[in-house]
Amino acid sequence: MAMSKGRAEAAAGASGILLRYLQEQNRPYSAQDVFGNLQREHGLGKAAVVKALEQLAQQGKIREKTYGKQKVYFADQDQFDTVSDADLQSLDAKIVALTMKVQSLQQSCRHMEAELKELTSALTTPEMQREIAQLKAECAGFAERLRGIKAAPKHVTPEEKEQVHRERQRFCREWRMRKRMANELCEAILEGYPKSKKQFFEEVGIETDEDHNVVPPDP
């Protein structure tokens, strides 16, 4: 299959592209790494990349090292100026400063992400306005009920409340006592009654608390 015009031009200029890339990056790469990094931008095929790298290495424009079955390529270091100790220290200081700046920016990003998350989870202005209106309506309803209670002609005094409580206790005692007396009387009758307790209750028309699912309240 014939190579497309664009790919043919890219292949023809592959050597220049790869040489410039290795010099700019100044670090070792395998042919696969170079292909992966440049294929999308320059449309280079893997075969063209491998061939161009081998040619550049043969021409002495780049260096080639073999590690096991893999070859790596890097720029010829002789073309770069020798860096003095002072220059290296200066570069180290810049690296430290840039690293600190990156850390500071990362921290700022985390703070902004946390703030954004808090803002997105908070109520919007229309939602808050609706909730305020709902709470005001509830407060108005409670206030109206309170006015009605205060305006009532007569309130229950603590003494009246205590009197009702005592009467309730007395009625509960009477309830339990009468229930016990009725049970004892029925048991005495049933000793000589030829039928069952249930049949006796049905014939006499007795209805128990259990029939109505009620029990005497606690004292």
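Which residue in β3 stands opposite Lys65?

Modeller: Val72 in β3 stands opposite Lys65. The model is predicted, and local features need pLDDT of at least 70, side-chain atom pairs count only at pLDDT 80 or more, and totals for chains, interfaces and linings use all residues. Residues are numbered from 1 along each chain as its sequence is written, and side-chain values use heavy atoms, with hydrogens and water left out.

Now the sheet. Strand β3 covers residues 70–75, and six bridges join it to β2 in an antiparallel pairing. Helices (H or I, at least four residues) and strands (E, at least two) are DSSP runs numbered from the N terminus, and two strands pair if DSSP finds at least two bridges between them. The hairpin of β2 and β3 has two residues between the strands, and Gly68 takes a positive phi near 65° there. The open sheet has three strands in the order β1-β3-β2, with antiparallel pairing. Because β1 and β2 (62–67) each have a single partner strand, they stand at the edges, and one side of each has no neighbour in the sheet.

How far can the model be trusted? Confidence is given by pLDDT, the predictor's value for each residue from 0 to 100. The chain has a mean of 85, and 94% of its residues reach 70 or more. Strand β1 (residues 29–30) has the highest confidence, at 91, while helix α1 (residues 5–12) has the lowest, at a mean of 51. Over residues 1–5 pLDDT stays under 50, and the model has two contacts beyond four places in sequence for them; a contact means heavy atoms within 4.5 Å.

Next, the charged side chains. A salt bridge is a side-chain nitrogen of Lys or Arg within 4 Å of a carboxyl oxygen of Asp or Glu, and the structure holds nine of them. For exposure, buried means under 20% relative accessible area, exposed over 50%, and partly exposed in between (1.4 Å probe, protein chains only).

Helix α7 (residues 158–190) contains Arg166 and Glu162, four residues apart, about one turn of the helix. Their side chains meet in a salt bridge at 3.7 Å, N to O. Arg166 is partly exposed at 42% relative accessibility, and Glu162 is partly exposed at 38%. Also in helix α7 and four residues apart are Glu174 and Arg178, whose salt bridge has its closest N and O atoms 3.5 Å apart. Glu174 is partly exposed at 29%, whereas Arg178 is exposed at 58%.

Lys195 and Glu203 meet in another salt bridge, at 2.8 Å, N to O. Lys195 is partly exposed at 42%, and Glu203 is partly exposed at 48%. Salt bridges that share partners also join Lys179, Asp209 and Glu210 into one network.

Last, the nonpolar surface. Val83, Leu88 and Leu91 form a patch with about 240 Å² of accessible area together. Patches are made of residues with over 30% relative accessible area and no salt bridge; like charges are joined within 9 Å, and nonpolar side chains (Val, Leu, Ile, Met, Phe, Trp, Tyr) within 5 Å. The areas come from the Shrake-Rupley method with a 1.4 Å probe, and for residues only the protein chains shown count as cover. Leu91 lies in helix α5 (residues 85–121) and is partly exposed, with a relative accessible area of 43%.
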